[in-house]
Amino acid sequence: WDLEGVPYNGVPLRLVGTKLYGCHQGKDKSVRQKEKYHAGKEKHMLEDLAFLKGNRKVQTTKKTNCPVEFTVKHIVRFPGFKIADKTKKRQASAALKEALSVDPLKVEAVVEYHASFPCMSEHQYHPTVGEMSSDDVVIRAARPEDCKEILRMIKELAVYEEMAEKATLTEDALREDAFGDQPYYRALVAEVPSDGRDETRLIGYAMYYFCYCPWLGRAIYLEDFYVEPAYRGRGIGTSIMKEVAKIGVKHRCSKMQWVCLNWNDVAISFYKKHGGKDVTVEENWHLFRMDREELLAFTEA
């Protein structure tokens, strides 16, 4: 009835098999054959004077050893034994087993394949481009050396939100809190080629962490989200947010939550367009906070 990566719909199922696939830029399983082929070709070219002038070394593989893998599950469902109440699983399973033992050919069966894909940010050693603009934007997990640029964008966002004086975080603290022994947040960055094309620069980021909902369980919190103004309107923001959402889905989070300034109509429209709900209006919540000064005063009272 329940199988990881396969949505539950009340229809019993049987797992036929699982196949593991690697990224198309993963380990090259044919590298020996390719090396043998290129060695033979190079020998032939050296022996043939007609090829000596243009002879050059050719790489034997274009793979980058990306470690990402994904699975495809082959299952069979039996819609004739669908249940609406989960407490009826045992009875339905017994009935299905009996029907299969009597005459399996008379039991209705539907074949399905379910693939579990990794988040784009998990790929390594090669660009990953999903729903992006034509500017070769790459969404990837942040690295320690990105913290200087992330801090720059944090301050740019603080200026836009008219709270520049509140952005007092240092680059060292930002780095330690993400890449130290006890990480307090995680981040994705959006990267594009610079004007010289040989180097890259960051033009957006998302900062998130995992939390817990006592009603629903695991949750993911989108703490900060920014794309430079010059790169907005090209689907980059959608791609960054979608990657955070995929990470939440992968970790079986029940929801993704974030806050937005009530005067930022552009952001509010963007979130609603992608399915975000304004729970401030719908559920009448108020957001409370204690700053450092209030926090110390409260603990010492």
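The following legends describe close-up views of a predicted model. Local features require pLDDT of at least 70 and side-chain atom pairs pLDDT 80 or more, whereas totals for chains, interfaces and linings use all residues. Residues are numbered from 1 along each chain as its sequence is written, and side-chain values use heavy atoms, without hydrogens and water.

**View 1. An open sheet of 3 strands with antiparallel pairing.** The strand order is β1-β2-β3, where strands are DSSP runs of E of at least two residues, numbered from the N terminus, and pairing requires at least two DSSP bridges. Because β1 (13-22) and β3 (110-116) each have a single partner strand, one side of each lacks a neighbour in the sheet. Strand β2 (residues 69-77) pairs with β3 over 7 bridges, and K73 stands opposite H114 in β3.

**View 2. The tilted aromatic pair of Y160 and W263.** Rings of Phe, Tyr and Trp (its six-membered ring) pair if their centres lie within 6.5 Å; planes under 30 degrees apart are stacked, over 60 edge-to-face and the rest tilted. Here the centres are 5.9 Å apart, with 55 degrees between the planes. Y160 lies in helix α4 (residues 147-160) and W263 in the loop between β8 (255-257) and α7 (265-273), so the pair ties together parts 103 residues apart in sequence. The charged end of R232 sits over the ring of Y160, 5.8 Å from its centre (CZ of Arg within 6 Å of the ring centre and within 35 degrees of the ring normal).

**View 3. The edge-to-face pair of Y208 and F210.** The ring centres are 6.2 Å apart and the planes stand at 85 degrees. Y208 is buried at 5% relative accessibility, whereas F210 is partly exposed at 30% (buried, under 20%; exposed, over 50%; partly exposed, in between; 1.4 Å probe, protein chains only).

Definitions and conventions. Helix = DSSP H or I, 4+ residues; strand = E, 2+ residues; numbered from the N terminus.
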